[in-house]
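Q: I would like to go through this structure step by step. Could we begin with the strands and then turn to the packing?

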Amino acid sequence: MQKSGKIINIEKNKVFIITTNNEFVTLEKHATEPKIGEIYVGEEFRSVAIWKYLLVISCMLFLLFAIRKLYLVNKYNFSVIVDMNCPIKMEVTGSNKIKKVEGISPSGYKIKQLLTLEHKSLNDALHLILDESIKQKYLTKAHADDGFKISIFIFDSKNKIPINLSEFKQYAATHNFKVLINNNGQAIIE
(Lines give C-alpha, C1' and ligand atoms only; values in the text may rest on other atoms or scores of the structure.)
Protein backbone atom coordinates (compact mmCIF):
# COMPACT_ATOMS: atom_id res chain seq x y z
CA MET A 1 0.00 0.00 0.00
CA GLN A 2 1.39 3.39 -1.00
CA LYS A 3 1.85 6.03 1.69
CA SER A 4 3.35 9.50 1.61
CA GLY A 5 4.68 11.84 4.23
CA LYS A 6 7.61 13.78 5.62
CA ILE A 7 10.83 11.81 6.27
CA ILE A 8 11.84 11.76 9.95
CA ASN A 9 14.52 9.05 9.87
CA ILE A 10 16.39 6.80 7.41
CA GLU A 11 17.93 3.40 8.05
CA LYS A 12 19.50 0.86 5.67
CA ASN A 13 16.48 -0.17 3.58
CA LYS A 14 13.77 1.66 5.57
CA VAL A 15 12.46 5.20 5.48
CA PHE A 16 10.42 6.42 8.47
CA ILE A 17 7.79 9.04 7.66
CA ILE A 18 4.98 10.91 9.38
CA THR A 19 1.84 11.27 7.30
CA THR A 20 -0.55 14.23 7.16
CA ASN A 21 -2.76 12.33 9.64
CA ASN A 22 0.17 12.22 12.14
CA GLU A 23 0.61 8.50 11.56
CA PHE A 24 4.11 6.98 11.81
CA VAL A 25 4.81 4.65 8.86
CA THR A 26 7.86 2.70 7.71
CA LEU A 27 8.38 2.58 3.93
CA GLU A 28 10.76 0.64 1.71
CA LYS A 29 13.72 2.66 0.49
CA HIS A 30 13.93 3.39 -3.30
CA ALA A 31 17.03 3.55 -5.43
CA THR A 32 17.23 7.34 -5.05
CA GLU A 33 18.73 8.57 -1.81
CA PRO A 34 16.06 10.30 0.37
CA LYS A 35 16.81 13.21 2.72
CA ILE A 36 15.33 13.92 6.13
CA GLY A 37 12.56 16.55 5.96
CA GLU A 38 11.54 15.85 2.34
CA ILE A 39 8.21 14.40 1.24
CA TYR A 40 8.55 10.75 0.39
CA VAL A 41 6.14 8.31 -1.34
CA GLY A 42 6.59 4.57 -1.29
CA GLU A 43 5.34 1.11 -0.40
CA GLU A 44 4.88 0.15 3.24
CA PHE A 45 7.77 -1.92 4.61
CA ARG A 46 6.86 -5.54 5.33
CA SER A 47 9.25 -7.56 7.37
CA VAL A 48 9.42 -11.28 6.74
CA ALA A 49 7.48 -13.11 9.41
CA ILE A 50 9.63 -15.21 11.72
CA TRP A 51 7.37 -18.23 11.25
CA LYS A 52 8.55 -18.44 7.64
CA TYR A 53 12.14 -18.75 8.80
CA LEU A 54 11.15 -21.37 11.36
CA LEU A 55 9.24 -23.31 8.70
CA VAL A 56 12.21 -23.32 6.33
CA ILE A 57 14.60 -24.36 9.12
CA SER A 58 12.30 -27.16 10.31
CA CYS A 59 11.88 -28.47 6.74
CA MET A 60 15.64 -28.45 6.25
CA LEU A 61 16.17 -30.30 9.56
CA PHE A 62 13.54 -32.88 8.63
CA LEU A 63 15.20 -33.41 5.25
CA LEU A 64 18.62 -33.69 6.90
CA PHE A 65 17.39 -36.30 9.41
CA ALA A 66 15.61 -38.26 6.65
CA ILE A 67 18.80 -38.36 4.55
CA ARG A 68 20.84 -39.37 7.61
CA LYS A 69 18.38 -42.17 8.45
CA LEU A 70 18.47 -43.45 4.87
CA TYR A 71 22.27 -43.32 4.90
CA LEU A 72 22.59 -45.17 8.21
CA VAL A 73 20.11 -47.86 7.20
CA ASN A 74 22.19 -48.68 4.13
CA LYS A 75 25.63 -47.90 5.56
CA TYR A 76 26.20 -51.03 7.60
CA ASN A 77 25.52 -53.84 5.16
CA PHE A 78 26.85 -57.22 6.13
CA SER A 79 26.58 -60.80 4.97
CA VAL A 80 25.22 -63.77 6.88
CA ILE A 81 25.68 -67.41 5.90
CA VAL A 82 23.32 -69.81 7.64
CA ASP A 83 23.99 -73.55 7.57
CA MET A 84 21.08 -75.75 8.62
CA ASN A 85 22.05 -78.53 6.18
CA CYS A 86 20.84 -76.07 3.53
CA PRO A 87 23.43 -73.24 3.30
CA ILE A 88 21.96 -69.82 2.50
CA LYS A 89 23.76 -66.51 2.11
CA MET A 90 21.88 -63.31 2.98
CA GLU A 91 22.82 -59.65 2.54
CA VAL A 92 21.53 -57.70 5.55
CA THR A 93 21.19 -53.93 6.06
CA GLY A 94 22.19 -52.09 9.22
CA SER A 95 18.56 -52.14 10.34
CA ASN A 96 18.65 -55.98 10.28
CA LYS A 97 16.46 -56.28 7.16
CA ILE A 98 17.28 -58.87 4.52
CA LYS A 99 18.22 -57.28 1.20
CA LYS A 100 19.22 -60.28 -0.90
CA VAL A 101 19.13 -64.07 -0.50
CA GLU A 102 21.20 -66.71 -2.32
CA GLY A 103 21.07 -70.48 -2.03
CA ILE A 104 24.65 -71.83 -1.79
CA SER A 105 23.71 -75.47 -2.37
CA PRO A 106 20.72 -77.12 -4.09
CA SER A 107 18.98 -77.50 -0.72
CA GLY A 108 19.67 -73.84 0.10
CA TYR A 109 18.36 -72.83 -3.31
CA LYS A 110 15.18 -74.84 -2.68
CA ILE A 111 14.63 -73.12 0.69
CA LYS A 112 15.21 -69.74 -1.01
CA GLN A 113 12.55 -70.61 -3.61
CA LEU A 114 10.03 -71.73 -0.97
CA LEU A 115 10.40 -68.73 1.35
CA THR A 116 10.13 -65.00 0.82
CA LEU A 117 12.87 -63.66 3.06
CA GLU A 118 13.58 -60.23 1.53
CA HIS A 119 12.56 -57.26 3.72
CA LYS A 120 12.15 -59.46 6.82
CA SER A 121 14.23 -59.04 9.95
CA LEU A 122 17.20 -61.37 10.38
CA ASN A 123 15.62 -63.12 13.40
CA ASP A 124 12.34 -63.69 11.52
CA ALA A 125 14.20 -65.03 8.47
CA LEU A 126 16.17 -67.46 10.65
CA HIS A 127 12.91 -68.69 12.23
CA LEU A 128 11.42 -69.32 8.80
CA ILE A 129 14.56 -71.08 7.53
CA LEU A 130 14.65 -73.36 10.60
CA ASP A 131 10.96 -74.24 10.26
CA GLU A 132 11.31 -74.96 6.53
CA SER A 133 14.51 -76.99 7.09
CA ILE A 134 12.65 -79.19 9.56
CA LYS A 135 9.66 -79.42 7.22
CA GLN A 136 11.90 -80.40 4.27
CA LYS A 137 13.72 -82.86 6.57
CA TYR A 138 17.12 -81.19 6.15
CA LEU A 139 17.13 -81.12 9.96
CA THR A 140 15.62 -83.95 11.96
CA LYS A 141 15.31 -85.04 15.57
CA ALA A 142 18.31 -87.33 14.94
CA HIS A 143 20.42 -84.28 14.05
CA ALA A 144 19.36 -82.58 17.29
CA ASP A 145 20.11 -85.74 19.33
CA ASP A 146 23.57 -86.04 17.71
CA GLY A 147 24.39 -82.48 18.81
CA PHE A 148 24.18 -80.86 15.37
CA LYS A 149 24.91 -77.14 15.64
CA ILE A 150 23.23 -74.57 13.45
CA SER A 151 26.07 -72.41 12.11
CA ILE A 152 25.65 -68.69 11.47
CA PHE A 153 28.62 -66.83 9.99
CA ILE A 154 28.45 -63.02 10.02
CA PHE A 155 31.11 -61.22 8.00
CA ASP A 156 31.84 -57.88 6.35
CA SER A 157 30.17 -56.18 9.31
CA LYS A 158 31.76 -52.77 9.73
CA ASN A 159 29.33 -52.08 12.53
CA LYS A 160 31.09 -52.85 15.81
CA ILE A 161 27.79 -53.46 17.60
CA PRO A 162 27.22 -57.23 17.90
CA ILE A 163 24.18 -58.58 16.10
CA ASN A 164 21.59 -59.76 18.61
CA LEU A 165 20.31 -63.23 17.72
CA SER A 166 19.24 -64.27 21.23
CA GLU A 167 15.61 -64.62 20.12
CA PHE A 168 16.62 -67.12 17.43
CA LYS A 169 18.88 -69.00 19.86
CA GLN A 170 15.93 -69.49 22.19
CA TYR A 171 13.74 -70.60 19.30
CA ALA A 172 16.37 -73.10 18.11
CA ALA A 173 16.70 -74.41 21.68
CA THR A 174 12.97 -75.26 21.67
CA HIS A 175 13.81 -77.66 18.81
CA ASN A 176 16.88 -78.97 20.74
CA PHE A 177 19.43 -77.35 18.42
CA LYS A 178 22.51 -75.49 19.54
CA VAL A 179 23.57 -72.39 17.63
CA LEU A 180 27.15 -71.53 16.67
CA ILE A 181 27.53 -67.84 15.79
CA ASN A 182 30.76 -66.59 14.24
CA ASN A 183 30.61 -62.81 14.20
CA ASN A 184 33.61 -61.50 12.19
CA GLY A 185 35.88 -64.22 13.54
CA GLN A 186 34.55 -64.30 17.13
CA ALA A 187 32.72 -67.58 17.69
CA ILE A 188 30.01 -68.05 20.32
CA ILE A 189 28.34 -71.41 20.96
CA GLU A 190 25.02 -71.51 22.75
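Q: In which sense do strand β1 and β2 pair, and over how many bridges?
A: This is a predicted model. In it, strand β1 (residues 2-11) pairs with β2 in the antiparallel sense, over 5 bridges.

Q: How many residues are in the hairpin that joins β1 to β2?
A: The hairpin joins the two strands through 2 residues.

Q: Which residue stands opposite F16 in β2?
A: That residue is N9.

Q: What do the side chains do along strand β2?
A: They alternate along residues 14-18.

Q: What lies between β2 and β3?
A: The two strands form a hairpin with 5 residues between them. N22, in the turn, has a positive phi of about 60°.

Q: Where else is phi positive in a residue other than glycine?
A: H119 has a phi near 70°, and N176 has one near 65°. H119 is found in the loop between α2 (106-114) and α3, whereas N176 is found in the loop between α5 and β9.

Q: Is H119 buried or exposed?
A: H119 counts as exposed because its relative accessibility is 68%. N176 is exposed too, with a relative accessible area of 51%; the cut-off for exposed is over 50%.

Q: Let us turn to packing. Which residues touch the most other members of the largest nonpolar core?
A: The largest nonpolar core has 31 residues, and V80, M84, M90, L122, L126, I152 and F168 touch the most other members.

Q: Which elements each supply at least two residues of this core?
A: They are β5 (78-83), β6 (88-92), β7 (98-103), α3 (122-135), β8 (149-155), α5 (166-174) and β9 (178-183). The largest share, 5 residues, comes from α3.

Q: What lies apart from this core?
A: Another core, of 6 residues, lies apart from it; among its members are I7, V15, L27 and Y40.

Q: Where is S79 found, and what does its side chain make a polar contact with?
A: S79 is found in strand β5. Its side chain makes a polar contact with the side chain of E91, at 3.0 Å.

Q: Why is S79 classed as buried?
A: S79 is buried because its relative accessible area is 3%, and buried means under 20%. Leaving aside neighbours within four places in sequence, S79 is in contact with K89, M90, E91, F153, I154, F155 and D156.

Q: A change of topic: how many disulfides does the structure hold?
A: The structure holds 0 disulfides. As for individual cysteines, C59 counts as partly exposed at 46% relative accessibility, whereas C86 counts as buried at 1%.

Q: How many aromatic pairs does a search of the whole structure find?
A: The search finds 1 aromatic pair. F148 and F177 form this pair, which is edge-to-face, with 6.5 Å centre to centre and 85° between the planes.

Q: Where in the chain are F148 and F177?
A: F148 is in the loop between α4 (141-145) and β8, and F177 is in the loop between α5 and β9. The pair links distant parts of the chain, 29 residues apart. F177 is buried, with a relative accessible area of 5%.

Q: Finally, what is the place of K110?
A: K110 is in helix α2 and counts as partly exposed, at 37% relative accessibility.

Q: Which residues does K110 touch, not counting residues up to four places away in sequence?
A: K110 touches Q136 and Y138. The C-alpha atoms of K110 and E132 are separated by 10.0 Å, and these two residues are 22 residues apart along the chain.

How values were computed:
Residues numbered from 1 in each chain as written. Predicted model: local features only at pLDDT ≥ 70, side-chain atom pairs only at ≥ 80, totals over all residues. Heavy atoms only, no water. Buried < 20%, exposed > 50% of the residue type's maximum accessible area, 1.4 Å probe, protein only. Helix = DSSP H or I, 4+ residues; strand = E, 2+ residues; numbered from the N terminus. Pairing = 2+ DSSP bridges. Core = buried A, V, L, I, M, F, W, Y, C linked by side-chain atoms within 4.5 Å. Polar contact = N/O pair within 3.5 Å; in protein donor to acceptor, adjacent residues only side chain to side chain. Contact = heavy atoms within 4.5 Å. Disulfide = S-S within 2.5 Å. Phe/Tyr/Trp six-rings, centres within 6.5 Å; stacked < 30°, edge-to-face > 60°.
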